[in-house]
Each structure stands twice: as C-alpha cells, then as structure tokens.
Amino acid sequence: MWTFENLAAGTVYLGLAMYAVFGGADFGGGIWTGLASGPRAREQRDKLFHAIGPVWETNHVWLIFVVVTLFTTFPKGFAALFTALPVPLVIALIGINFRGAAFAFRHFGRQTGGHVPFMAGTFAVASILTPLALGMAVTATATGKIIFVKGWVQTGPWFWIGPFTLVGGVVGMAICAYLAPIYMTVRTEGELQNDFRRHGLYAGLALGILTTLEIPIAMVDAPLFADRLLALRGAVLVVLAVSSGITAMVLLWRCHFLWAQIAAATTVALTIAGFAAAMYPDLLVGQLSLAAAAAPPATLRSFFSVLVIGITILIPSLLFLYWTFRGEPNPELPQLWRNGEDHE
Amino acid sequence: MDNILSARTLMGFSLCFHIIYATIGIGLPLMLMVAEGLSLRTGDELFHQLARRWMRPAGVLFAIGAVSGTVLSFELGLLWPRFMAFSGPLIGLPFSMEGFAFFTEAIFLALYIYGEQRLSRRMLFYCTIALTLSSAASAAFVISANAWMNTPTGFRLVNNALVDVRPFQALSNPSWAHEAVHGTLAAYVATGFAMAGVYAFALLRGSNSDYNKRALTLALAIASVSLPLMLVTGDWAAMTVAAQQKPKLAAMEAHFVTASGAPLIIGGWPDPASGKVLYGIKIPKLLSILAHRNPDAIVEGLDAFPPGTTPDPRLVHPFFDLMVGSTFIMLAPAAWFWWLRWRRRDVPLDTWLLCALLLASPFGMIALESGWLVTEFGRQPWIIRDLMRVSEGVTLQTGIGLILITFVVIYLLLTAGLLKLLLRPSTPADRTETTQGDRYVDL
C-alpha cells in the first residue's frame with residue numbers, strides 16, 4: 001500500500017485537488033464574471049476580480065506542480081497522456097493563456113470588467129474552456145480507451161469525447177463555479193453576500209446532480225472505473241463526499257459562511273479523492289498501472305526528499321500569504337495605482 | 001512542415017518568448033531588493049518609490065512568464081513524449097525543485113505587490129530577498145535540465161534502458177555550474193540594460209527628474225557589475241565546452257579542420273561545402289589559447305567527428321559572435337557612463353551618451369537569446385548528446401503543424417493586445433473612470 005509509486009500518485013492527486021480547490025475557484029470567478037447579473041452585476045465582477053488578483057498566480061502554480069510531479073514520478077504515464085490527449089490539453093492551454101492575459105492586461109489599469117466587455121468576455125470564456133477541457137482530459141484517463149500497442153499509445157484524436165468525459169468536463173466547470181461564490185461569501189457583506197450565497201447554492205445543486213449522473217454513465221462508458229468506484233474504498237469516499245456536500249449546502253443555506261467555505265473545499269477534495277480511489281491501482285484505467293508507469297525507485301526517493309524540503313519552505317510561505325490577505329478584499333493596490341497615476 | 005520541424009519551431013518559438021519574461025523575472029527581483037535595501041538603509045524614500053513603480057510591469061511580466069512556462073511544461077509532453085519518458089526520471093528532479101522555487105517566488109511577489117498596506121517596510125524588504133533568492137534558484141534548477149541534455153550523467157544504459165539511476169548526480173552534471181552561473185548573470189545584465197534604456201529614453205525626452213537619474217544609475221550599476229563577470233564566466237564556459245562538448249565548440253568557432261595553434265575566427269560566414277569561413281577575421285593561435293590555455297594546443301575541428309553527428313556551424317557561429325559582440329556593445333557605453341559619473345560626481349546627461357545607452361539597451365536580451373541558440377543549435381542533431389537524436393525524441397502523434405499554427409496565432413493576438421494596451425494614450429476620461437466614489441476599480 002505505502003509504496004513509493006502509490007505515494008507519488010497520491011502526490012499527483014493531492015496537487016490536482018489543491019489546483020481544484022484554489023485555482024478552480026479562480027476559474028469559477030471567471031465563470032461568474034460572465035454570468036454576473038442583476039442590479040449588482042458590476043459589483044460582483046469587481047469583487048471577484050479583486051479577490052482573485054493577488055492569489056491567482058500562486059494558485060496557478062499547482063497545475064505546474066501536477067505536471068512536473070507527473071513527469072518526474074510517472075514519465076511513461078506522462079508521455080502516454082500527452083500523446084493521447086493533445087486536443088483537450090491544447091484547448092486548456094489556450095484557456096490558460098487568455099485567462100492569464102486578461103489578468104495581466106488589467107494590471108495596466110484603466111480597465112474594469114464593466115468597461116471592457118472584451119477583456120471580461122475573454123476572461124469568462126477562458127475560465128469556462130480550461131476546466132471543461134481539463135475535466136475531459138482527466139476523466140479520459142478513467143475510460144480505459146487509451147490503448148497501448150508495442151509500448152506506445154495508439155488512439156484516435158477524438159476518442160476522448162464521450163458521454164462520461166463530457167459530463168466529466170462539465171463537472172470540472174461545476175467545481176469551479178461552485179467554489180468561487182462560496183469563497184466570496186466570506187469576503188462580502190449584505191446584498192452582495194446574499195448574491196454569492198445564492199450562486200453557491202445553485203452551483204452546489206448543479207454539481208450534486210452532475211456527479212450523481214456521472215455514476216450510471218460510468219457504468220456504461222467506463223465500466224472498470226465504475227466497478228472500482230462502487231467497491232468499498234471508492235464507495236466510502238463517495239459517501240463522505242456526498243455528506244460533505246450536503247453539509248456545505250446546509251451551512252450555506254443557514255449563512256454559516258466560514259464553515260460552508262471549508263465544507264465546500266472538503267467536498268471538492270473528497271470528490272477528487274473518490275476519483276483517485278476508483279483509478280487505483282492504475283494511472284490509465286485498465287491499460288497502464290502505477291507500478292508500470294513509475295520512474296525507478298531512486299528517482300522516487302530523491303523526489304520525495306525534494307518534496308519534503310520544498311514543503312517545509314512552501315507551507316509557511318503559503319500560510320503567510322493567505323493570512324496576510326485574509327478577510328475582505330479591500331483595495332489592496334498601492335497608492336500609486338489607485339490614483340490612476342501614469343508612469344513612464 | 002514535417003513533425004520534427006514543426007515541433008522544433010514550436011518549442012523554439014515558445015522558449016524564445018518565455019526567456020524574455022523569465023529573464024526579467026530573475027533580474028527585476030534583484031533590482032527591487034537593492035532599491036528597497038538602499039531605501040531602508042539610507043531612509044531615502046526615492047529608492048522605495050523606484051521599486052514600487054517597477055512593480056506594475058513586474059506583475060504583468062511575471063504573470064506572462066508563469067503562463068508561458070505552463071505552455072512549455074505542456075509542450076514537453078505534447079512534443080517530446082519519447083524524450084520525456086526516457087529522461088523524466090533524471091531531469092524531473094531539477095524541474096521539481098524549480099517548481100518549488102517558482103512557487104515561493106509567486107507567493108513573495110504577491111506579498112510584495114499587494115501587501116504594501118498590510119506589511120511593514122522591513123517585511124517588504126524581506127519579501128524582495130526571498131524573491132531574489134527563489135528566482136535565482138529557479139533559474140539555476142531549470143538550467144540544470146538543459147545542462148543534462150548537453151552532458152548527460154547519473155545513469156547507466158543497459159539494452160537502451162536506464163539502470164542505476166542517480167538523480168542528484170544528473171542534477172549536478174558537468175555543464176551545470178558554468179551554465180547556471182553564466183545564465184543567471186546574463187539575466188541581471190539583460191534586465192539592467194533594458195531598464196537603463198527606458199530611463200535613458202526618459203532623460204533624452206527631457207524629464208531630468210531625480211527619479212529618472214537615480215533609476216538609470218541603479219539599473220546600470222547592477223548591469224555593470226555583472227557585465228565583466230559575463231566575460232569571466234563566458235571564458236570558463238568556453239573552456240569547459242572545449243573539454244566536454246568538442247563538436248559544439250568547433251561549430252561555435254566555425255573551426256572546420258583539426259589543427260594545432262588554431263586561430264580564432266571573428267565574424268564571417270561558415271561554408272560547410274568548402275570547409276572555409278568566408279569574410280571572417282582570423283587571429284592566429286587565439287582559439288588554442290582560449291580553449292586550452294596553450295598557443296600550440298590541438299583543437300578538434302568539425303572534421304574530427306563522424307558525419308551526421310555534428311551541428312551546423314551556420315546556425316551556431318553567427319549567434320556565438322552576436323553573443324560575444326553584444327557584451328562589448330554594452331561594455332563601451334557603460335564604461336563611458338561611469339567614467340563621466342566619476343569625473344563629474346553627478347549623473348552625466350550628455351545626449352550622445354544617453355543615445356549610446358539607449359542603443360545598447362536591447363543587447364543584453366539579444367546576447368541572452370543568442371547564447372541560448374548557441375547551446376541548443378550547438379547540441380544538434382542530439383536531444384540528449386550522443387544518446388538520443390531529436391528525431392527519436394519527437395512525438396509520434398501527427399498534426400503538430402496544426403498545434404504550431406494555433407500557438408502562433410495565440411502569441412500574435414497576445415502581443416497585439418499587449419502592445420495596444422501599452423501604447424494606448426492615457427486620456428482624462430480614463431482617469432475618472434478608474435475611480436468610483438471612495439473605492440478604486442483599477443487593478
């Protein structure tokens with residue numbers, strides 16, 4: 001059980017969960033920027049932008065962490081994944097590029113979501129595209145359709161489009177759309193807080209329906225994955241995720257926002273843990289086991305020594321970051337920018 | 001275009017783009033640290049204001065660097081899966097370390113940029129120290145992966161499979177030290193000169209503020225300290241390459257025929273068909289001296305290696321000369337500036353000097369990009385020297401040309417968008433729009 005390759009796989013999924021819980025919320029912010037409506041639409045957009053501003057780059061690094069961990073610890077799996085799934089991965093990259101650009105360009109000031117519909121539109125579209133494509137790519141690994149011939153992947157360019165992966169992509173989007181408004185409830189007050197609470201409840205409902213729907217679809221479209229999901233280990237995590245999700249909804253309904261935020265993040269992490277449990281012991285279901293995809297033990301050992309050192313530097317730094325920017329996102333920017341002052 | 005050419009073009013294109021942002025991401029933190037440090041030490045607010053003004057471009061450039069870095073990490077798998085499947089167990093380690101360093105960098109940048117009202121001045125300075133250290137570390141680690149491709153170590157091959165893998169030995173491969181030091185210093189030079197150019201331009205336009213003078217001096221100071229070190233570390237790099245990667249050295253110097261007392265050829269166009277360099281300037285025996293510290297030493301030419309295993313000198317020699325030449329193009333106006341600065345005890349504002357500095361300002365970046373091209377073209381046809389050819393590392397997936405076109409369009413769109421925003425004049429209407437009541441809506 002506690003072999004190096006299992007620990008490495010755990011690290012990959014942990015990175016993925018961190019990306020979903022932190023980076024996902026940023027994409028969710030983009031989705032709700034596009035869906036902002038009602039009399040306070042503009043305020044909603046501004047709040048979302050300001051909350052994401054200081055942290056999106058740090059949150060984005062979790063994706064790089066996942067990719068790097070994957071090619072260090074499962075080089076064969078990494079090669080197979082990227083050979084099999086160029087289309088969704090390129091789409092995700094396009095989304096990442098434009099999302100980053102939309103934010104970067106806003107640094108130049110003079111723009112707001114309301115004033116520059118193009119920028120806000122780019123941001124929203126990119127925020128929908130990336131989780132959709134990544135969700136499809138991740139769930140494609142569970143379908144058992146990535147086939148090896150003589151040690152190399154042989155699949156058509158469109159095998160990754162199917163009922164299971166399509167719902168998987170929408171689940172990816174729903175996770176993002178679910179987290180962002182719930183996180184925003186702790187950072188807003190009054191009417192605006194209520195707007196975000198309502199958005200969170202809708203998205204929570206959508207996420208619940210979608211993940212439930214995914215199980216019967218998996219039985220048809222990804223049978224081995226479904227079997228493992230409904231076996232003991234998977235089922236326990238499914239039950240935990242469902243109860244955590246219901247708890248989050250109740251807490252949100254009753255306006256216990258801080259606890260709702262924690263429960264929502266836990267729900268997402270448990271959903272991904274459930275996915276990981278149903279993948280076990282494979283990296284690509286039915287085709288490539290973790291053991292076969294793993295790097296030599298010496299690499300895994302040195303990776304974990306680096307991981308331990310890295311984490312001892314990272315965790316205090318991250319805590320310091322989130323602690324410094326806790327609470328309501330007041331205008332954080334320095335005086336200089338706020339006055340709209342021009343620079344050379 | 002065939003798959004290999006498409007893949008190489010796309011990778012080269014992405015790296016060329018990323019290198020600019022990554023370089024500034026390494027250089028600017030040092031500037032921030034020095035400025036904040038001086039401000040704390042002297043109590044002079046101007047230094048602090050200087051640093052705060054660099055922050056906005058820093059935020060944008062870092063963001064683009066993070067995104068273009070993500071593109072690269074994906075491209076490793078999309079374009080070179082066979083290379084990655086083989087070398088991932090070895091070069092994955094420096095990439096993991098780089099990941100942590102970059103993570104730390106992103107965190108402290110966010111703290112520095114957005115934390116002005118929540119952190120003390122001293123804490124902001126500490127943030128710039130963490131930023132400088134982590135950015136230099138991330139450069140050193142990512143360069144280690146490139147160095148391994150030049151001098152692969154830390155494993156044994158049995159039936160084309162890796163055995164006896166020693167990742168830390170791969171990390172500290174023989175090319176790492178000189179590449180990492182040379183590359184990181186190059187980032188300081190490139191950033192320093194680029195910024196000196198900006199302020200030289202502002203001074204030329206007549207805004208002789210203390211702010212501009214101080215900024216020009218600081219940027220040039222950092223660049224000028226690093227510049228002579230570039231020559232020293234460059235010499236170290238060349239000597240190491242002469243010992244470890246002989247075909248690369250031969251291509252760099254357009255040295256076709258093995259000879260003792262080899263001359264150094266400056267400029268010219270290498271012609272592989274005739275094995276001669278057209279229009280080059282020859283300095284007798286200098287190559288032997290530079291490569292082996294002996295005027296009569298034998299320097300292997302391209303003819304010493306089997307055909308099909310050596311790089312094309314037409315792609316390597318010109319970029320090598322461009323890199324070395326750029327250093328001297330920067331050295332001259334920098335020396336002139338400090339001479340006048342020392343004589344007059346004030347920042348010299350002579351038009352010709354400022355023009356020269358402005359003209360020299362892009363050459364740090366040009367030198368850095370050229371140096372990267374030298375080491376990459378100089379390794380051809382290998383992706384891992386003497387072990388795996390580029391054609392053996394490329395993906396088997398078809399349609400890479402399509403991905404190439406997609407990314408070229410994206411980069412063009414992004415560049416157009418960036419230029420449009422940078423060049424857009426600031427109108428009074430914009431300013432009123434950016435504040436609403438008591439709160440700003442301007443990021």
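A crossing of two helices is called right-handed if the near helix is turned clockwise from the far one by less than a right angle, and left-handed if anticlockwise. With that in hand, welcome to this predicted model, where helix α1 of chain A passes α11(A) in a right-handed crossing.

- In chain A, the axes of helix α1 (residues 4–35) and helix α11 (residues 257–279) come within 9 Å and cross at roughly 150 degrees.
- Angles over 145 degrees count as roughly antiparallel, and α1(A) and α11(A) are therefore roughly antiparallel to each other.
- In chain B, helix α1 (residues 3–42) packs with helix α7 (residues 210–244) at an angle of about 120 degrees, and their axes are 11 Å apart.
- The helices α1(B) and α7(B) are therefore oblique to each other, and their crossing is right-handed.

**Helix α2 of chain B**

- This helix covers residues 45–79, which makes 35 residues, and spans 49 Å from its first C-alpha to its last, close to the 51 Å expected at 1.5 Å a residue.
- Look for a bend of about 35 degrees at Arg56(B) in α2(B), with a proline, Pro57(B), following within four residues.
- Most of α2(B) is covered, as 31 of its 35 residues are buried.

**Covered helices in chain A**

- Helix α7 of chain A (residues 163–185) has 23 residues and reaches 34 Å from its first C-alpha to its last, close to the 33 Å expected at 1.5 Å a residue.
- Of the 23 residues in α7(A), 19 are buried, so the helix is mostly covered.
- Helix α4 of chain A (residues 75–84) is mostly covered too, with nine of its ten residues buried.
- Among the buried residues of α4(A) are Pro75(A), Gly77(A), Phe78(A) and Phe82(A).

**Two buried residues**

- Ser302(A) sits in helix α13 (residues 297–324) of chain A and is buried, with a relative accessible area of 4%.
- A polar atom of the Ser302(A) side chain lies 2.7 Å from the backbone oxygen of Ala298(A).
- Ile384(B) belongs to strand β9 (residues 382–384) of chain B and counts as buried at 0% relative accessibility.
- Although Ile384(B) and Asn150(B) are 234 residues apart along the chain, their C-alpha atoms are separated by 6.4 Å.

**Backbone features to look up**

- Most residues other than glycine have a negative phi, and most peptide bonds are trans.
- Tyr280(A) and Pro281(A) are joined by a cis peptide bond with omega of about 5 degrees, and Pro281(A) is in the loop between α11 and β3 (282–284) of chain A.
- Another cis peptide bond joins Gln380(B) and Pro381(B), with omega of about 0 degrees; Pro381(B) lies in the loop between α12 (363–377) and β9 of chain B.
- Tyr279(B) has a positive phi, near 65 degrees, and is found in the loop between β6 (276–278) and β7 (281–283) of chain B.
- With a relative accessible area of 77%, Tyr279(B) is exposed.
- Arg293(B) has a positive phi of about 60 degrees and lies in the loop between α9 (286–292) and β8 (298–299) of chain B.
- Arg293(B) counts as partly exposed, at 45% relative accessibility.

Conventions: Residues numbered from 1 in each chain as written. Chains lettered and ligands numbered in written order. Predicted model: local features only at pLDDT ≥ 70, side-chain atom pairs only at ≥ 80, totals over all residues. Heavy atoms only, no water. Expected span 1.5 Å × (residues − 1). Buried < 20%, exposed > 50% of the residue type's maximum accessible area, 1.4 Å probe, protein only. Bend = angle between axes of the 7 residues up to and from the residue. Axes fitted to C-alpha atoms, helices over the stretch in contact; angles between N-to-C directions. Parallel < 35°, antiparallel > 145°, perpendicular 65-115°, else oblique. Polar contact = N/O pair within 3.5 Å; in protein donor to acceptor, adjacent residues only side chain to side chain.
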